[in-house]
Amino acid sequence: MHDTLPDTGLQLRSLVTDDGYLKLILKSSPIPEPGDDEVVVRIEATPINPSDQATLIAPADVSTGKTTGSGADTVYTAKLRPGLEGRVKPRIGKPLAAGNEGAGTVVKAGASAAAQALLGKTVAVMDGALYCQYRKVNVMQCLPLNEGTSARDGASCFVNPLTALGMVETMRREGFKALIHTAAASNLGQMLNRVCQKDGIDLVNIVRKPEQVELLKSQGAKYVCNSSDDSFMSDLTRAIEETGAYLAFDATGGGELGSRILTCMEKAALKDVALPGPYGSDTFKQLYIYGSLDLSPTIVHRNFGFSWGINAWLLTPFIAKVGPERAGELRQRVADELHTTFASHYSDEVSLLDVLQADVVAEYSQQATGKKYLINPSR
């Protein structure tokens with residue numbers, strides 16, 4: 001295997017310039033030699049998740065995007081979105097890698113038994129810089145895929161599956177019995193819906209389009225609320241009353257949706273309270289913001305008493321908190337249910353060069369339901 005490898009491989013980088021542009025560029029780098037407990041993986045499938053887009057393309061106004069050059073010299077350039085100059089200032093002049101997860105074949109392995117055991121195997125990887133053709137990682141970052149599982153099938157083994165399981169695990173650890181999820185028609189949302197159905201957990205799904213309501217209901221979802229409906233607040237309050245869902249995970253981040261959810265929680269908690277005190281209900285209400293689909297400021301109207309919390313939630317700190325043993329159990333569940341509960345579906349498969357084409361950028365940057373892109377860097 002070692003002798004048939006090229007000397008170099010391409011890596012995708014996102015660069016913010018000091019004159020107000022975002023560029024996507026390709027960098028050619030030598031294929032590294034692994035240390036004792038490391039392997040080199042030929043990346044054959046890696047998805048474009050919303051968390052990846054935050055680094056890759058989110059600051060750009062894609063309507064201004066243009067592609068120049070060809071081959072390894074291809075460059076995508078777009079103006080920064082107005083108002084984001086301060087937010088991306090620390091990035092100026094620093095080509096950043098992206099790609100949180102992926103899968104491929106181990107083509108080089110270090111001297112340790114753990115590394116040698118992976119040589120030639122198809123593995124899923126969680127790293128942070130996987131929009132590349134070859135990547136060196138520690139063996140602990142690899143999840144060997146079950147026999148017969150392709151790199152495409154295993155490309156989304158980590159971020160969405162472990163996030164869905166992490167939400168349920170957080171619910172249990174914090175003493176809640178049901179949960180609310182926004183942007184619920186997403187790939188992750190559909191996965192969480194399957195997890196909750198399998199585990200017997202009430203899930204309140206929040207979407208913003210009628211077709212998304214129908215999509216989730218066709219997949220067995222019992223509670224689906226459309227935030228665009230005039231009846232949204234009453235619909236959500238009723239769902240919380242029935243389920244006791246006082247824990248919410250919000251993918252949007254900006255705007256007033258999180259505040260509206262907390263307001264409905266409070267209304268549900270006070271349903272049978274004849275005379276509320278000055279501090280509202282005693283029911284603790286928790287909102288976790290785990291995404292930034294809306295980059296506008298988070299607006300909170302404090303009309304939900306004093307028993308509440310708003311915090312951030314990210315997968316990596318969660319994994320560190322639960323520890324390696326529990327994290328390993330969650331990862332094994334993903335591997336065992338990869339073709340059922342945690343199956344991912346992709347609308348398009350593109351190469352590294354395709355990712356820099358202006359028309360392709362315009363498509364994958366929309367983050368539309370049913371439009372999930374998979375990069376195959378080996379194409």
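β9 (142-144) and α10 (315-336) each give at least two residues to the lining of the second largest pocket. Helices (H or I, at least four residues) and strands (E, at least two) are DSSP runs, numbered from the N terminus. The model is predicted: local features need pLDDT of at least 70, side-chain atom pairs count only at pLDDT 80 or more, and totals for chains, interfaces and linings use all residues. Residues are numbered from 1 along each chain as its sequence is written, and side-chain values use heavy atoms, with hydrogens and water left out.

A pocket is an open set of points on a 1 Å grid over the protein atoms alone, with protein on both sides within 12 Å along at least five of seven lines; lining residues have an atom within 4 Å of a point. The volume of the second largest pocket is about 400 Å³. Volume here is the space filled by probe spheres set on the points, which are joined across faces, edges and corners. The lining of this pocket counts 16 residues. Nearest the centre lie Met 140, Phe 158, Ile 319, Ala 327 and Arg 331. α10 supplies the largest share, eight residues. By class, the lining holds eleven nonpolar, four polar and one charged. Ala, Val, Leu, Ile, Met, Phe, Trp, Tyr, Cys and Pro count as nonpolar, Asp, Glu, Lys and Arg as charged, and the others, Gly among them, as polar.

A cavity is a set of grid points where a 1.4 Å probe fits but cannot get out. The whole structure has one cavity of 30 Å³ or more. The largest cavity has a volume of about 40 Å³. β14 (253-255), α9 (257-269) and β15 (285-289) are the elements that give two or more residues to its lining. β14 makes the largest contribution, three residues. Among the lining residues are Asp 250, Ser 259, Leu 287, Thr 298 and Ile 310. This lining divides into four nonpolar, six polar and one charged.

Turn now to strand β3 (residues 38-47). Seven of its ten residues are buried, meaning under 20% relative accessible area with a 1.4 Å probe, protein chains only. Strands pair if DSSP finds at least two bridges between them. β3 pairs with β8 (residues 134-138) in the antiparallel sense over five bridges. There, Arg 42 stands opposite Tyr 134. Six bridges join β3 to β6 (residues 101-109), again antiparallel. Ile 43 has Gly 104 of β6 as its bridge partner. Two bridges link β3 to β19 (residues 373-375), also antiparallel. Here Pro 47 stands opposite Leu 374.

Notes. Buried < 20%, exposed > 50% of the residue type's maximum accessible area, 1.4 Å probe, protein only.
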